[in-house]
Amino acid sequence: MTTLIITVDDERTESLKKILKDIPYVRDITVKSSDMVIKEPTQLDKIKATLNASKGKDFFQDIKDPVEWQRNIRGYCN
């Protein structure tokens with residue numbers, strides 16, 4: 001893994017953070033400003049949090065045949 005250090009004008013920081021958050025392979029965004037460190041959640045962090053929050057919940061327990069279920073959702077005709 002590689003760490004990049006980028007210096008950005010204060011007024012451009014938020015726009016760059018928005019761009020970086022949407023890149024799936026960006027693992028971490030840390031902002032250092034005036035001796036203050038702020039860690040921002042990345043897209044990957046958000047996905048992991050959503051998956052962890054959904055653990056143990058049987059969202060699809062009523063699906064008996066996954067292939068048939070997908071066909072019905074996609075509108076395929078037999």
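**View 1. Thr-42 sits in the loop that links β2 (36-40) to α2 (43-54).** Helices here are DSSP runs of H or I with at least four residues, strands are runs of E with at least two, and both are numbered from the N terminus. This is a predicted model, where local features need pLDDT of at least 70, side-chain atom pairs count only at pLDDT 80 or more, and totals for chains, interfaces and linings use all residues. Residues are numbered from 1 along each chain as its sequence is written, and side-chain values use heavy atoms, with hydrogens and water left out. Thr-42 counts as buried because its relative accessibility is 0% (buried is under 20% relative accessible area, exposed over 50%, partly exposed in between, with a 1.4 Å probe and protein chains only). Leaving aside residues up to four places away in sequence, Thr-42 touches Lys-21, Val-26, Arg-27, Asp-28 and Ile-29 (contact means heavy atoms within 4.5 Å).

**View 2. Here's Lys-32, in strand β1 (residues 29-33).** With 70% relative accessibility, Lys-32 counts as exposed. Trp-69 is 37 residues from Lys-32 in sequence and 49 Å from it in space, C-alpha to C-alpha.

**View 3. Glu-14 and Lys-17 form a salt bridge.** The term means a side-chain nitrogen of Lys or Arg within 4 Å of a carboxyl oxygen of Asp or Glu. The closest N and O atoms of Glu-14 and Lys-17 are 2.9 Å apart. About one helical turn separates the two, because they are 3 residues apart in helix α1 (residues 13-21). Glu-14 is partly exposed at 47%, while Lys-17 is buried at 9%.

**View 4. Arg-71 and Glu-68 also meet in a salt bridge, at 3.9 Å, N to O.** The structure holds 2 salt bridges.
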